[in-house]
Amino acid sequence: MSLVFDILGCTSCPALVDNRTHVVPARVGRHYVEGGICVMGDAPDHAADRKGEPMVGREGQLLDSILQEAGLSREHVMLMYTVRCRPPNNRLDRHPEATLACDRWTKAELDAYKPGVVILTGNTPMRRVYGKEAKITAVRGKPRATSDEFEYGQRVWLPTFSTKHALQNPTVTATILEDFKLGAGLCDTSSTQ
């Protein structure tokens, strides 16, 4: 697909280009169907950057466990990041230009794969939908439906904590699982099984 090649060739953010090993475009499971679930994280960590695939390594193992407990699997969902290159020292907060530069890829991937429910894991993707001042603790677990007029289209958005956060604070894992179960329930079940 030309979209993937366009993303792989992106050089919009010099600081991130110099730091990355791979650009990490969305990964769509073999059994994913339009209207399905997308999990959107903030940016690749070291493992994702090294492999060129989203949500792998320890983060991916935790995500796979959460997906399984929620009745989902990696092969039935779309995985993507808000920013497609690993920021230096994993500090995306120091590179706000990257979120803006990657916004065109976010829109293009959402338009191409058409998820019906997007689980926003962490502050960066959540703030793209809920606003810059939104707090994850205030909006997590509260779905928001948007219409076609919204810049990211007609979808249901569901914010939760990131799996990266859960690796540092395991007590939030149960909350993330609860939110993933809610997301699975918001989606047409034929697209997640």
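N90 counts as partly exposed, at 40% relative accessibility, where partly exposed lies between buried, under 20% relative accessible area, and exposed, over 50% (1.4 Å probe, protein chains only). This residue is found in the loop between strand 3 and helix 5 (96-113), helices (H or I, at least four residues) and strands (E, at least two) being DSSP runs numbered from the N terminus. The structure is a predicted model, in which local features need pLDDT of at least 70 and side-chain atom pairs count only at pLDDT 80 or more, while totals for chains, interfaces and linings use all residues. Residues are numbered from 1 along each chain as its sequence is written, and side-chain values use heavy atoms, with hydrogens and water left out.

**Around N90**
- Leaving aside residues up to four places away in sequence, N90 touches P44, D45 and H46, where contact means heavy atoms within 4.5 Å.
- The C-alpha atoms of N90 and G29 are separated by 26 Å, and the two residues are 61 residues apart along the chain.

- Six strands form an open sheet with mixed pairing, in the order 1-3-2-4-6-5, and two strands pair if DSSP finds at least two bridges between them.
- The edge strands, each pairing on one side only, are strand 1 (27-28) and strand 5.
- Strand 6 pairs with strand 4 (residues 117-121) in the parallel sense over five bridges, and within this pairing T121 stands opposite T160 of strand 6.
- Strand 6 also pairs with strand 5 (residues 144-146), here in the antiparallel sense over three bridges; V156 is the bridge partner of A145, and R155 is that of T146.
- Five of the six residues of strand 6 are buried, so that this strand is mostly covered.

- Not counting residues up to four places away in sequence, S162 touches T121, G122 and I176.

**Helix 4**
- The 13 residues of helix 4 (residues 57-69) should span 18 Å at 1.5 Å a residue, and the end C-alpha atoms are 19 Å apart, which agrees; the expected span is 1.5 Å times one less than the number of residues.
- The buried residues of helix 4 are E59, G60, L62, L63, I66 and L67.
- They cover an arc of only 165° around the axis, which puts them on the same side of helix 4, the arc being that of the directions from the helix axis to the C-beta atoms.
- The face turned away from this buried side carries the exposed residues R58, Q61 and Q68.
- Strand 2 (37-41), strand 3 (77-81), helix 8 (163-168) and helix 9 (173-186) are among the elements that cover the buried residues of helix 4.

**Nonpolar cores**
- The largest nonpolar core has 44 residues, and those with the most contacts inside it are I37, W157 and F180; such a core is a set of buried Ala, Val, Leu, Ile, Met, Phe, Trp, Tyr and Cys residues joined through side-chain atoms within 4.5 Å.
- Strand 3 gives the most to this core, with five residues.
- A second, separate core of 13 residues includes I7, C13, V23 and W105.
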